[in-house]
Amino acid sequence: MIHNFGAGPCILPQEVFKQASQAVLEFNGTGLSILEISHRTPEFEAVVDETVRLIKELLNVPEGYSVVLLQGGASLQFSMVPMNLLGENQTAAYLDTGVWASKALKEAKIFGSVNVVASSKDQNYTYIPKDIVIPEDSAYFHFTSNNTIYGTELLEVPKTKVPVVCDMSSDILSRVINVADFDLIYAGAQKNMGPAGVTVAIVKDSILGKIDRKIPSMLDYKVQIDGGSMYNTPPVFAIYVSMLNLRWLKSKGGVAEIEKENISKSEALYKEIDRNPLFKGTCRPEDRSRMNVCFVMENPELEKPFLKFAEDRDIIGIKGHRSVGGFRASMYNGLPITSVHVLIDAMQDFAEKHR
């Protein structure tokens with residue numbers, strides 16, 4: 001068995017792969033592959049409807065919000081958010097906690113002014129800034145909830161009266177959230193929801209239509225919502241596999257149950273990192289991510305040997321991002337806790353050999 005700790009695209013449950021592979025051969029008794037079926041058929045429209053319905057159910061999305069399936073990844077949302085919400089003479093507040101947060105605020109500057117209300121860049125993004133002050137005249141406040149590269153996660157929404165926008169690409173559906181705390185949530189699917197190729201946006205309807213700017217139809221939330229996630233040809237297969245994965249999550253007891261598993265997985269690995277004399281974490285303990293556990297070795301010369309040691313045990317994807325080094329174990333919803341214990345055992349056995 002391969003133990004895949006890769007940062008994305010994500011690991012998915014085996015039963016989802018099996019169902020998806022069958023649909024590639026024939027989908028839903030149509031005699032056609034899911035890869036060739038028209039997105040305008042009732043059969044695929046039912047897939048879109050169920051996917052949206054499951055997202056609303058699993059996240060308990062309240063009335064007054066729309067769920068829309070988009071393309072372009074979270075990276076396109078970096079532009080789409082300010083294009084729809086930030087006027088030319090307005091200022092948006094951004095929290096800078098990593099590479100993706102930094103890229104988001106860079107794109108926002110094209111459309112209006114940006115106020116970086118706090119940043120952890122001074123310590124290579126190894127912590128989440130506290131006591132953030134968000135000006136009440138901000139058009140909106142944007143933050144990234146989980147920072148995949150640096151291994152930090154913001155679990156509580158900063159208090160503010162302005163609209164809150166969150167890039168939740170790498171921890172959506174991994175923990176219980178109160179959607180009403182947000183005005184817009186967006187997330188690339190390829191961590192916890194499904195394969196790469198589809199992006200979900202959860203939009204409070206009342207925030208749209210307030211900007212005096214011509215917006216291209218493909219980048220207009222209202223147009224996409226009115227089009228039922230099918231303004232143009234959608235990523236059919238990515239949506240279908242996302243639907244299967246959402247069904248799987250529901251069958252496990254939903255987000256509340258998967259959060260318990262995610263807490264158990266991260267606590268077990270962090271406990272070993274803190275206990276094992278060969279390893280050390282890179283982030284402040286109070287800001288550690290449940291999704292992406294980043295750590296290094298006390299002796300950097302042992303990093304390559306440990307990587308090889310782990311690979312020999314079918315542990316893959318733990319090499320850290322080039323900007324951080326060391327190791328990164330990404331533990332999204334589909335990763336079983338048994339894989340985490342395989343990694344922990346490898347760390348302990350390696351330590352025994354290098355006392």
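# A guided tour from helix 6

Begin by selecting Gly253, which takes a positive phi of about 110° just after helix 6. Helices (H or I, at least four residues) and strands (E, at least two) are DSSP runs, numbered from the N terminus. The model is predicted: local features need pLDDT of at least 70, side-chain atom pairs count only at pLDDT 80 or more, and totals for chains, interfaces and linings use all residues. Residues are numbered from 1 along each chain as its sequence is written, and side-chain values use heavy atoms, with hydrogens and water left out.

**Helix 6**

Next, select residues 236-251, the 16 residues of helix 6. From first C-alpha to last, this helix reaches 23 Å, close to the 22 Å expected at 1.5 Å a residue (the expected span is 1.5 Å times one less than the number of residues). Of its 16 residues, 12 are buried, where buried means under 20% relative accessible area, exposed over 50%, and partly exposed in between (1.4 Å probe, protein chains only). Among them are Val236, Tyr240, Met243 and Trp248. To see what covers these buried residues, display elements including helix 1 (14-25), helix 2 (42-59), strand 2 (65-70) and helix 7 (255-275).

Strand 12 (residues 292-297) is joined to strand 14 by 4 bridges; two strands pair if DSSP finds at least two bridges between them. Within this pair, Phe295 stands opposite Phe327 in strand 14.

**Ser174 and its surroundings**

Move to Ser174, in the loop between strand 8 (164-167) and strand 9 (184-188). Ser174 counts as buried because its relative accessibility is 3%. A polar atom of the Ser174 side chain lies 2.6 Å from the backbone oxygen of Asp171. Beyond its neighbours within four places in sequence, Ser174 is in contact (heavy atoms within 4.5 Å) with residues including Asn192, Val255, Met291 and Asn333.

**Salt bridges**

The whole structure holds 15 salt bridges, each a side-chain nitrogen of Lys or Arg within 4 Å of a carboxyl oxygen of Asp or Glu. Select Glu153 and Arg175, whose side chains meet in one at 3.4 Å, N to O. This pair links distant parts of the chain, 22 residues apart: Glu153 is in strand 7 (residues 152-153) and Arg175 in the loop between strand 8 and strand 9. Glu153 is buried at 4%, and Arg175 is buried at 6%.

Finally, select Asp349 and Arg313, which form a salt bridge with the closest N and O atoms 2.8 Å apart. Asp349 lies in helix 9 (residues 337-353) and Arg313 in the loop between helix 8 (303-311) and strand 13 (315-316), so the pair ties together parts 36 residues apart in sequence. Asp349 is partly exposed at 30% relative accessibility, and Arg313 is partly exposed with a relative accessible area of 30%.

Terms used. Polar contact = N/O pair within 3.5 Å; in protein donor to acceptor, adjacent residues only side chain to side chain.
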